[in-house]
Amino acid sequence: MRLTRFIKIASTFYRYGLDEFFEDRPRLRLIHGLMRILPVPRDLGQPLPVRVRLALESLGPIFVKFGQVLSTRRDLLPADYADELARLQDDVPPFDGALAREVVEKGLGKPLDAIYSEFNSVPVASASVAQVHYARLKNADGSAGHEVAVKVLRPGIAPVIAQDLALMRTLAGLVERYLPDGKRLKPREVVAEFDRHLHDELDLMHEAGNASQLRRNFVGSDQLIVPEVYFDLCSRQVMTMEWMRGIPVSQIDALKNAGIDLKKLSRFGVEIFFTQVFRHGFFHADMHPGNIFVAPDGRYIALDFGIVGSLTELDKHYLAVNFLAFFNRDYLRVATAHIESGWVPKDTRAEELEAAVRTVCEPIFEKPLSQISFGLVLLRLFETSRRFNVEIQPQLVLLQKTLLNIEGLGRQLDPDLDLWATAKPFLVKWMNEQVGWRGLIKTLKNEAPNWATTLPALPRKINEALSAKHAELLITGYTHLMREQKRQNFLLGVIAILLVGLLFWR
């Protein structure tokens, strides 16, 4: 089976002329020569990046999805290839509705009629991994209940994915070994990243958990609606969630006819993105137009939660520092932040990186802010990053992909969208909360539980130190305890001052 699939891949490569990648590689000339004897018609009428996209489309949904993931790695790919791969669409025929019913019954362990009062066998949407059906829950008295969307995993997809991933790993190893730029492109790491995302999507309980977290983060929001998940009707193969009614965000005329304020909607998109990133550290990482609807009241509706990103406090801090440094044209701070965060090698000269960043950004800043594309700045910085061996973190790649989606969506809704002007007040406020006196109070609150356990233990630690047999140990322990005591006294003094200050401030 794997040999058959490998021959199919080789034939597709030859058909679209992708063997050109091997032409100038002496160690791969044999492969190039063998391909030429294949009885396959050639299709060479398009530029090579276009042929790469067509080849992936012809190889099926898993390769299409791989191309979509690859299109986000603009730190690795030339711009023309990344742009072409970004055009890949999940246009997959649905599987039979009777099969979907079987998967639901097996996944939930009940007859379909015992769960839903209505289940439409014709899917409303279909993709490479799953498809979605309209249904209605059944109340305890047998009457029709809430409308729901039932996402059903494509049957038999796991073995297909495993087979294609195995071949992708083989191809990645060949690329890394034989192409001059192979190691820098990190093909095996890219395939591993794709493998991780794909297996997350294969477990619908994982997606249900993502949706639930995002809904909890935005409960009561006047900007975003996240559907409720019915966990008792979810399994690895099935996910049941609240049915959402709205207008696809890409249908601009329909939004206008519905009286939706497009400028307000575009601003909401930016604010939602930065709220997810900097307040929650948890963001929807697949916010393309197909996954976003608009409710009648003008709020966004988020769908499809298979891919999310998360950020540590350190990630958030360095991102905010970078964003604000860009806003203030402080390129040296951008360079030092990259070095401090470990995104570039420690021996990188900050002045050299500063000059490279200035070369990219300064011409852009000469334009009015409303004419600046933040996404374009990112893409040019990624080109610069290759020279300085910047280590692009997986979570930051997802972030970059999401930001490009948000900016593209926002400018579609409002061509005059000033993403930077919308984002800067948010970031300034967030940074003030982190590093100002509010940030200090927040840190003290977080540390309070540690002090509650440390302070009562001090007498025991003193006793242990006094019972030490060796004078050197005694002196060392005493010195350490005195320092600890001074530190605790200082902290307690700070707390007392802050508490008094807060009382008067209120």
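Buried means under 20% relative accessible area, exposed means over 50%, and partly exposed is in between, with a 1.4 Å probe and protein chains only. I began with this definition because Glu-57, with a relative accessible area of 34%, is partly exposed.

**Entry: ground rules.** I noted that this is a predicted model, in which local features need pLDDT of at least 70 and side-chain atom pairs count only at pLDDT 80 or more, while totals for chains, interfaces and linings use all residues. Residues are numbered from 1 along each chain as its sequence is written, and side-chain values use heavy atoms, with hydrogens and water left out.

Entry: I looked up the UniProt record, an unreviewed entry, which places the feature "active site" at Asp-286; UniProt positions are given in the numbering used here, feature names are shortened, and annotations may be inferred rather than shown by experiment. I found Asp-286 in the loop between strand E8 (282-284) and strand E9 (292-294), where helices (H or I, at least four residues) and strands (E, at least two) are DSSP runs numbered from the N terminus. Asp-286 counts as buried because its relative accessibility is 14%. Leaving aside neighbours within four places in sequence, I listed Asn-291, Asp-304, Ile-307 and Lys-401 as in contact with Asp-286, contact meaning heavy atoms within 4.5 Å.

**Entry: salt bridges.** I used the rule that a side-chain nitrogen of Lys or Arg must lie within 4 Å of a carboxyl oxygen of Asp or Glu, and the count by this rule comes to 15 salt bridges.

In one of them, Arg-53 pairs with Glu-57, with the closest N and O atoms 3.3 Å apart. I saw that both residues lie in helix H3 (residues 48-58), four residues apart, which is about one turn of the helix. Arg-53 counts as buried at 10% relative accessibility, and a network of salt bridges links Arg-53, Glu-57 and Glu-84.

I then turned to Lys-151, which forms a salt bridge with Glu-207, the closest N and O atoms being 3.0 Å apart. This pair links distant parts of the chain, since Lys-151 is in strand E4 (residues 144-153) and Glu-207 in helix H11 (residues 204-217), 56 residues apart. Lys-151 is buried at 14% relative accessibility, and Glu-207 is buried with a relative accessible area of 2%.

Lastly, I looked up the salt bridge between Asp-414 and Lys-263, whose closest N and O atoms are 3.1 Å apart. Asp-414 lies in the loop between helix H18 (394-413) and helix H19 (419-435) and Lys-263 in helix H13 (residues 262-280), so the pair ties together parts that are 151 residues apart in sequence.
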